[in-house]
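Please work through the exercises below with the sequence and the coordinates open beside you, and try each task before reading its solution.

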Amino acid sequence: VQLQASGGGLVQAGGSLRLSCAASTRAFASYGMGWFRQAPGKEREFVATINWSGASKDYADSVKGRFTISRDNAKNMVYLQMNVVKLDDTAVYYCAADTRRPWATAVVTTGDAFGSWGQGTLVTVSS
């Protein structure tokens with residue numbers, strides 16, 4: 001599955017931004033999806049994940065209560081709503097599909113579990 005992330009840009013601290021990720025195949029509806037990020041000079045880290053139905057979600061502690069992951073299977077889209085952004089949220093954000101476990105109820109948070117990755121979209125938070 002090909003994934004195309006978009007919606008990144010420059011946002012002031014305390015502001016909001018919504019990232020989108022479009023999938024190229026209807027099989028998207030069977031995949032858990034995740035968002036990860038990589039800040040300059042740092043390793044990639046988990047941000048949020050959602051199972052195929054949207055019933056199960058998980059978040060990194062650093063974004064809990066501020067970010068919301070959602071999906072629209074009819075549109076082959078997954079979203080990341082980012083609220084009250086902080087300087088530390090500056091990073092390239094990647095969406096990923098858990099293609100190895102279709103229809104899985106449980107979510108995964110490790111990057112190695114995701115079989116397909118998008119190209120990334122840059123989010124820059126300014127003070």
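This is a predicted model: local features need pLDDT of at least 70, side-chain atom pairs count only at pLDDT 80 or more; totals for chains, interfaces and linings use all residues.

**Exercise 1. Determine which residues of the largest nonpolar core touch the most other members, and which elements supply the core.**

Solution. Begin with the membership: the core holds 36 residues, and Met-33, Trp-35, Leu-80 and Tyr-93 are those that touch the most other members. Next, assign the core to elements, where two or more residues come from each of β1 (3-6), β3 (17-23), β4 (32-38), β5 (45-50), β7 (67-72), β8 (77-82), β9 (91-98) and β11 (121-126). Of these, β9 gives the largest share, 5 residues. Finally, take Met-33 by itself: leaving out residues up to four places away in sequence, its contacts include Leu-3, Cys-21, Phe-28, Ile-50, Ile-69, Val-78 and Phe-114, and Arg-71 is also among them. As a general background, nonpolar side chains in soluble globular proteins tend to be buried together.

**Exercise 2. Decide whether Ser-116 is buried or exposed, and find its contacts.**

Solution. First locate Ser-116, which lies in strand β10 (residues 116-117). Because its relative accessible area is 13%, and the cut-off for buried is under 20%, Ser-116 counts as buried. Then, setting aside neighbours within four places in sequence, list its contacts, which are Val-1, Leu-3, Cys-95, Ala-96, Ala-97 and Thr-99.

**Exercise 3. Describe the largest pocket by its volume and its lining.**

Solution. The volume is about 210 Å³. The lining consists of 13 residues, with Arg-37, Lys-42, Glu-45, Asp-88 and Asp-89 nearest the centre of the pocket. Sorted by class, this lining comprises 8 charged, 3 nonpolar and 2 polar residues.

Methods:
Residues are numbered from 1 along each chain as its sequence is written. Side-chain values use heavy atoms; hydrogens and water are left out. On a 1 Å grid over the protein atoms alone, a cavity is a set of points where a 1.4 Å probe fits but cannot get out, and a pocket is an open set with protein on both sides within 12 Å along at least five of seven lines; lining residues have an atom within 4 Å of a point. Grid points are joined across faces, edges and corners, and a volume is the space filled by probe spheres set on the points. Ala, Val, Leu, Ile, Met, Phe, Trp, Tyr, Cys and Pro count as nonpolar, Asp, Glu, Lys and Arg as charged, and the others, Gly among them, as polar. Helices (H or I, at least four residues) and strands (E, at least two) are DSSP runs, numbered from the N terminus. Buried means under 20% relative accessible area, exposed over 50%, partly exposed in between (1.4 Å probe, protein chains only). Contact means heavy atoms within 4.5 Å. A nonpolar core is a set of buried Ala, Val, Leu, Ile, Met, Phe, Trp, Tyr and Cys residues joined through side-chain atoms within 4.5 Å.
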